[in-house]
Amino acid sequence: MILSVRSIAVTCALGALGAALTACGGPATPPPARRAHQASATSAATTRPPTLAPGPAGLTPVFENGPRSRDRTVALTFDADMTADQGARAAAGEHFDNPRLIATLREFKVPATVFMTGRWADEYPREARDIGQDPLFEIANHSYSHYAFTKDCYGLPTVPEDRMRADVERAYAAFRTAGVRDAMPYFRFPGGCYDQRSLRTLSAAGVTAVQWDVVSGDAFATDADAVARQVLDGVRSGSVVVMHCTRSAAPATERALRTIVPELRHRGFRFVKVSELIGAAGGRHRASARSWSPRP
């Protein structure tokens, strides 16, 4: 919204300048090449995804939930996890994708944000491209390797500090190779674990870190009803729900969605992507110096 207003202001200013030049005998309109450049710049400004301002000391901003307003919005997010060393398991038949879950979201017309690892995009390029080209969804960054950005994060291997930014950029490169043209400038830490060092290191990447305020509990769960209850009990206006779209690691998620979606709609909730919640936040940010891990 702010960018659109600025674009209008720039357009008005250019119009006033053109009128002044005409009165002084100058050209009434800019040359065609300049007009094309101005139109391109205005279009880019109005379509740029919303992000949060850097936190204290320039730290990467952290977003956990949208405004707790009467506009009952909720963002369902799905982590497409695959670590850099799981290729052999995929080759042996383990499924890290979940086409049926994506089909269910489409069936119910639920917009969603998929936090994808670059390794997942390498393994499933057609699915990554298909999700990325569907306006119902947006793809965001979940690192390349799904290695942790802090120590002691659920037993995950750790990315060295001097490789953190490169790992994030490698994921974006994998998306582009798969055919995803417009991945969002949002990043989710593997395991949800971060600290001041990782926030400082990623500040140059220009991303907004996205956490959550509702843990679905779907990881390795087999009881779809229990997953649905946990989500329904936790959702508030502006909530970000973390779920997974990997068959082997979250086999009950698709069935849980068939309960979650109708019930939340019955309660008056509207499903949105993370980008809409960030836009509605109006520049709020929360960048903490403490380490953080999700509650199980």
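Reader: How many helices and strands are there in the protein?

Author: Happy to start there, with the reminder that this is a predicted model. The chain has 296 residues, and 46% of them count as buried. Its secondary structure comes to eleven helices and nine strands.

Reader: Among contacts with a separation of 6 or more, what share comes from residues 24 or more positions apart?

Author: Pairs such as Pro50 and Tyr186, 136 residues apart along the chain, show what such a separation can look like. Taking the contacts in the protein with a separation of 6 or more, the share from residues 24 or more positions apart is 81%.

Reader: Where do the buried residues of helix H4 lie around the axis?

Author: Helix H4 covers residues 99-107, and its buried residues are Leu101, Ile102, Thr104 and Leu105. Around the axis they take up an arc of only 155°. That arc puts them on the same side of H4.

Reader: Which elements do those buried residues of H4 pack against?

Author: There are strands and helices among these partners. The strands are S2 (73-80), S3 (112-116), S4 (137-141) and S8 (239-244). The helices are H6 (125-133) and H10.

Reader: Are H4 and H10 roughly parallel or roughly antiparallel?

Author: Their axes are 9 Å apart, and the packing angle is about 15°. Angles under 35 degrees count as roughly parallel. The two helices, H4 and H10, are therefore roughly parallel.

Reader: How many charged residues are in the contact of H4 with H10?

Author: The crossing of these two helices, H4 and H10, is right-handed. H4 brings Arg100, Leu101, Thr104, Leu105 and Glu107 to the contact, while H10 brings Thr253, Glu254, Leu257 and Arg258. By class, the contact of H4 with H10 holds three nonpolar and two polar residues, and the charged ones number four.

Reader: What is the angle between H9 and H10?

Author: H9 spans residues 224-234 and H10 spans residues 253-266. The crossing of H9 and H10 is right-handed. Their axes are 8 Å apart, and the angle is about 35°.

Reader: How many nonpolar residues are in the contact of H9 with H10?

Author: On the H9 side, the contact is made by Ala224, Val227, Ala228, Val231 and Leu232. On the H10 side are Arg255, Ala256, Thr259, Ile260, Glu263 and Leu264. One residue of the contact of H9 with H10 is polar and two are charged, and the nonpolar ones number eight.

Reader: Is Asp152 buried or exposed?

Author: Asp152 sits in the loop between S4 and helix H7 (164-178). Its phi is positive, about 55°, although Asp152 is not a glycine. With a relative accessibility of 79%, Asp152 counts as exposed.

Reader: What is the relative accessible area of Tyr154?

Author: Tyr154 is placed in the loop between S4 and H7. Tyr154 is not a glycine, yet it has a positive phi of about 55°. Tyr154 is exposed, and its relative accessible area is 54%.

Reader: Which residues does Pro50 touch, not counting those up to four places away in sequence?

Author: Pro50 is in the loop between helix H2 (32-47) and strand S1 (62-63). Pro50 is partly exposed, at a relative accessible area of 28%. The C-alpha atoms of Pro50 and Tyr186 are separated by 9.6 Å. With those sequence neighbours left out, Pro50 touches Tyr186, Ser275, Ile278 and Gly279.

Reader: How do the buried residues of H11 lie, and within what arc?

Author: H11 runs over residues 274-281, and its buried residues are Val274, Ser275, Leu277, Ile278 and Ala281. They line one face of the helix, since seen down the axis of H11 they fall within an arc of 160°.

Reader: Which residue just after H11 takes a positive phi?

Author: H11 covers residues 274-281. Just after H11 there is a positive phi of about 60°, taken by Gly282.

Reader: What is the relative accessibility of Gly118?

Author: Gly118 belongs to helix H5 (residues 118-123). Apart from neighbours within four places in sequence, Gly118 is in contact with Ser143, Tyr144, Ala171, Ala174 and Phe175. Gly118 counts as buried, with a relative accessibility of 0%.

Notes:
Residues are numbered from 1 along each chain as its sequence is written. This is a predicted model: local features need pLDDT of at least 70, side-chain atom pairs count only at pLDDT 80 or more; totals for chains, interfaces and linings use all residues. Side-chain values use heavy atoms; hydrogens and water are left out. Axes are lines fitted to C-alpha atoms, for helices over the stretch in contact, and angles run from 0 to 180 degrees between N-to-C directions. Helices (H or I, at least four residues) and strands (E, at least two) are DSSP runs, numbered from the N terminus. A crossing is left-handed if the near helix is turned anticlockwise from the far one by less than a right angle, and right-handed if clockwise. Contact means heavy atoms within 4.5 Å. Ala, Val, Leu, Ile, Met, Phe, Trp, Tyr, Cys and Pro count as nonpolar, Asp, Glu, Lys and Arg as charged, and the others, Gly among them, as polar. Buried means under 20% relative accessible area, exposed over 50%, partly exposed in between (1.4 Å probe, protein chains only). The arc is that of the directions from the helix axis to the C-beta atoms. Angles under 35 degrees count as roughly parallel, over 145 as roughly antiparallel, 65 to 115 as roughly perpendicular and the rest as oblique.
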